[in-house]
Amino acid sequence: HAADAHRTDLMTITRFVLNEQSKYPESRGDFTILLSHIVLGCKFVCTAVNKGEDQKKLDVLSNEVFIKALVSSGRTCILVSEEDEEATFVEPAKRGKYCVVFDPLDGSSNIDCGVSIGTIFGIYMMKDVHEPTLDDVLQPGKNMLAAGYCMYGSSCTLVLSTGKGVNGFTLDPSLGEFILTHPDIKIPKKGKIYSVNEGNAKNWDGPTSKYVESCKFPKDGSSPKSLRYIGSMVADVHRTLLYGGIFLYPADKKSPNGKLRVLYEVFPMSFLMEQAGGQAFTGKERALDLVPTKIHERAPIFLGSYDDVEEIKRLYAAEE
Ligand code: AHG
Ligand code: MN
Ligand code: MN
Ligand code: MN
């Protein structure tokens, strides 16, 4: 029986990634070990979130767990975390070839009211063998080898891309394993939802204002879009990926670069969107083409369904 076979032939995230990497025998072990340390961090945060720890503790705790898990993997050389002003350079004895950029707990202002929060991560490889420098993490997003997020919601869901599409895994608490539940996620070509903090509308630029206006009062005879905004990037992007539509955190007069951070928010989510058949745009260029100059740099971001992002690109192009 096909359904039973599916239930007994458990595709864990480790097994899945080993299969996926089988074409790269020299590096698949290292990558799988790195990933299993990220997964451990996600399981820890998931448990801590479910225990109801308060925000301040959870922020700091999650960051410590990820830093320690990543260093002890022996596969990393530079770590950039939203919680640490400086990058962490791993001591030579524990060094590996991967650089990991991450936001250990995104949406942390939502913790105390039980709304979904998440962890976001991106993985780069050092260009060649040399002393690691910040330049190794200041690479455009298109150079990422893998990116993903884990959402701590009604269930714990890990969404991952190693550059061959996007797959979703759900934590089975009784097994303590992430099991493949959402194979080969593709974002709908066009969506019916827009997601933005409209409280910033008074300070938006022309194209963003025009775009949101057209979501509410479409001029082409189509139905208006629905608005959904949680204020947790992981949850808002997860919904966008599964249901389609657009998520935007645009520039405004007060924040000319928007709010979201390039390395560990904009890049990983843009990578996933492109891998799922969507697009990600900064208002100026393809998001993954951006070359960051500072580790905590910010950028405006418009990401989601192909056609919806195409429309905002058209409005920015018309501005020039
Ligand atoms: P963090 O909790 O890591 O500081 O990030 C919060 C981010 C992101 O999750 C979300 O998309 C955005 O802040 C919401 O910002 P607004 O409250 O300005 O809408
Ligand atoms: Mn924070
Ligand atoms: Mn964040
Ligand atoms: Mn954070």
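This is a predicted model: local features need pLDDT of at least 70, side-chain atom pairs count only at pLDDT 80 or more; totals for chains, interfaces and linings use all residues.
## Ground rules

Local features are reported here at pLDDT of at least 70 and side-chain atom pairs at pLDDT 80 or more, while totals for chains, interfaces and linings use all residues. Residues are numbered from 1 along each chain as its sequence is written, chains are lettered from A and ligands numbered from 1 in the order in which they are written, and side-chain values use heavy atoms, with hydrogens and water left out.

## The manganese ions

Let's start with the metals. Donors here are N, O and S atoms within 2.8 Å of the metal (3.2 Å for Na, K and Ca), and sites may look incomplete because water is not among the atoms. The manganese ion (ligand 3) has Asp 103 (OD), Asp 106 (OD) and Glu 265 (OE) as its coordinating residues, at 1.9 to 2.1 Å. Along the chain, the donors of ligand 3 are spaced as D-x2-D-x158-E. Asp 103 sits in strand β3 and Glu 265 in helix α7, so this pair ties together parts that are 162 residues apart in sequence. Helices (H or I, at least four residues) and strands (E, at least two) are DSSP runs, numbered from the N terminus. Both Asp 103 and Glu 265 are buried; buried means under 20% relative accessible area, exposed over 50%, and partly exposed in between, with a 1.4 Å probe and protein chains only.

The manganese ion (ligand 4) is coordinated at 2.3 to 2.7 Å by Glu 82 (OE), Asp 103 (OD) and Leu 105 (O). Where does the manganese ion (ligand 2) lie relative to ligand 4? The two ions are 3.5 Å apart, and Glu 82 coordinates both. Between ligand 3 and ligand 2, the separation is 5.6 Å.

## Around ligand 1

Taken alone, ligand 1 exposes 480 Å², of which the protein buries 81%. These areas come from the Shrake-Rupley method with a 1.4 Å probe; for residues, only the protein chains shown count as cover.

## Helix α6 and the cores

Met 233 is also one of the buried residues of α6. This helix spans residues 233-243 and is mostly covered, with nine of its 11 residues buried. After α6 comes Gly 244, with a positive phi near 90°.

A nonpolar core is a set of buried Ala, Val, Leu, Ile, Met, Phe, Trp, Tyr and Cys residues joined through side-chain atoms within 4.5 Å. The largest one holds 45 residues, and Phe 267, Met 269 and Ile 301 touch the most other members. Elements giving two or more residues to this core include β1 (76-81), β3 (95-106), α6 and α7 (262-275). The largest share, nine residues, comes from α7. A second, separate core of 38 residues includes Phe 16, Leu 34, Val 45 and Phe 178.

## Two buried polar residues

Ser 81, in strand β1, counts as buried because its relative accessibility is 1%. Its side chain makes a 2.6 Å polar contact with the side chain of Asn 63, and a polar atom of the Ser 81 side chain lies 3.0 Å from the backbone nitrogen of Glu 83.

Asn 167 lies in strand β7 (residues 167-172) and is buried, at 7% relative accessibility. A polar atom of the Asn 167 side chain lies 2.7 Å from the backbone nitrogen of Asp 184. Asp 184 belongs to the loop between β8 (177-182) and β9 (193-195). Its phi is near 45°, a positive value in a residue other than glycine. Is Asp 184 buried or partly exposed? At 45% relative accessibility, Asp 184 counts as partly exposed.

Technical notes: A polar contact is a pair of N or O atoms within 3.5 Å; within protein, one must be able to donate a hydrogen and the other to accept it, and residues adjacent in sequence count only if both atoms are side-chain atoms.
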